[in-house]
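Keep the sequence and the 3D view at hand as you read.

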Amino acid sequence: MFNSNKSPEKSKKNWLSSFFKKDKNDEYSLVQQQDITVNTEKPIIKKPTQLSNLVSGLKKTKTRLLEGISLVFSEKKQIDSEALEELESHLIASDFGVATTQNIMNRLKKQLSRHAVNDMEMLISELKKELTAILNTDNQKTNQLNTTDTPSVILIVGVNGVGKTTTIGKLAYYFKLQKKSILLAAGDTFRAAAVEQLKIWGERMSVPVIAQQQGSDSAAVLYDAYESARAKKIDIVLADTAGRLHNKDNLMHELKKIKKVLNRLNPNSPHEIILVVDAGIGQNTIRQAISFHETIGLTGLILTKLDGTAKGGVIFDLAETMQLPIYFLGIGEQISDLKPFNTEEFIDTLFEDSTLCSNAALDFNQKS
Ligand SMILES: Nc1nc2c(ncn2[C@@H]2O[C@H](COP(=O)(O)OP(=O)(O)OP(=O)(O)O)[C@@H](O)[C@H]2O)c(=O)[nH]1
Ligand SMILES: [Mg+2]
């Protein structure tokens, strides 16, 4: 969450982690409803001045995919049905999901028979086309966040620990780069530490944070946040919520209430309801996405922790199953480690500099 290379940040982190250990009734829980940081004139963020690069964030997923493809073909003399079956198993093992993998393979086989493809590079190029088509859903093509109203509310939801609050901090940074004014709403009233965590992001970004004491009604916090943003003509409210298990009905019900309250303030609000999912948990993200979508009606997804996992293939399953836009990718713990999602860039990065594949292709072509 914080930059551990810098000593002030490090001490803040130590302070914060000791803070997290406190029990929920401790003295820090009494955070009164207030504007915590209001100095929007003095930017504390000097560096970095741009968002991080996708290449390092996708390294593990890319290595697994390319190594797998090269392994499939390194022993083969031709692209036969056995090779394709191995490719299929590899995609499933890379978290593409069974149904999505089968769809990819069916389409791939059709293409291969049509063009009589017997060349590994051509196979990779066809695979890239299929993967691009999966990500380029109609929704994805128009994946502009709805921020036309002032204020526009972006509600962030998800299960525990997936990176919601960190993503809010990163989003604040992202929007500040676009000269938008931001307000953070501490809708996670479940843990005292959650409010503090958001306050720290607010301080780092010099943006106001609206919070109430621990245990208060989350919908009430968001109500106040909306009214405050409207009074101050703030562009975007980034609303945090408590992590909740997607199969706990009462917790999921609370989200409906939040939505209803915001909806009463402005029928367009919440303008976005974004589910944050941790790419590292692979297939479970699909179950979470289905459940949250059924309960509250999601408008988009953010996939975090891609930097730490080789399971990034799940993005294809998510796109195909959910047909929702993927707005951003989380690729690290720093404020700049958030990447607006772009299909072409994602696919190019995934296959870029594919020396592993190229070597296998060379081997393969020499053998055949
Ligand atoms: N490597 C990596 N770590 C991340 C990323 N996003 C968040 N994290 C880390 O994940 C951990 C949990 O992040 P939080 O933002 O507190 O998650 P949360 O969903 O708000 O958690 P709860 O409020 O407890 O439900 C922190 O240590 C973050 O630094 C990411 O993209 N990459
Ligand atoms: Mg949180």
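**Exercise 1: a residue and its surroundings**

Besides neighbours within four places in sequence, Gln288 is in contact with Val159, His246 and Val277, where contact means that C-beta atoms, placed from the backbone, lie within 7 Å. This is a predicted model, in which local features need pLDDT of at least 70 and side-chain atom pairs count only at pLDDT 80 or more, while totals for chains, interfaces and linings use all residues. Residues are numbered from 1 along each chain as its sequence is written, and chains are lettered from A and ligands numbered from 1 in the order in which they are written.

Task: find out whether Gln288 is buried or exposed.

Solution. Start with the rule: a residue is buried if 20 or more other C-beta atoms lie within 10 Å of its own, exposed if 12 or fewer, and partly exposed in between. Next, take the count for Gln288, which is 22, so Gln288 is buried.

**Exercise 2: two helices**

Task: work out how the axes of H12 and H13 are oriented to each other.

Solution. First, locate the helices (DSSP runs of H or I, at least four residues, numbered from the N terminus). Helix H12 spans residues 284-296 and includes Gln288, and H13 covers residues 314-322. Then take the angle: the axes cross at roughly 30 degrees and come within 10 Å. Angles under 35 degrees count as roughly parallel, over 145 as roughly antiparallel, 65 to 115 as roughly perpendicular and the rest as oblique. Therefore H12 and H13 are roughly parallel.

Terms used:
Contact = placed C-beta atoms within 7 Å. Axes fitted to C-alpha atoms, helices over the stretch in contact; angles between N-to-C directions.
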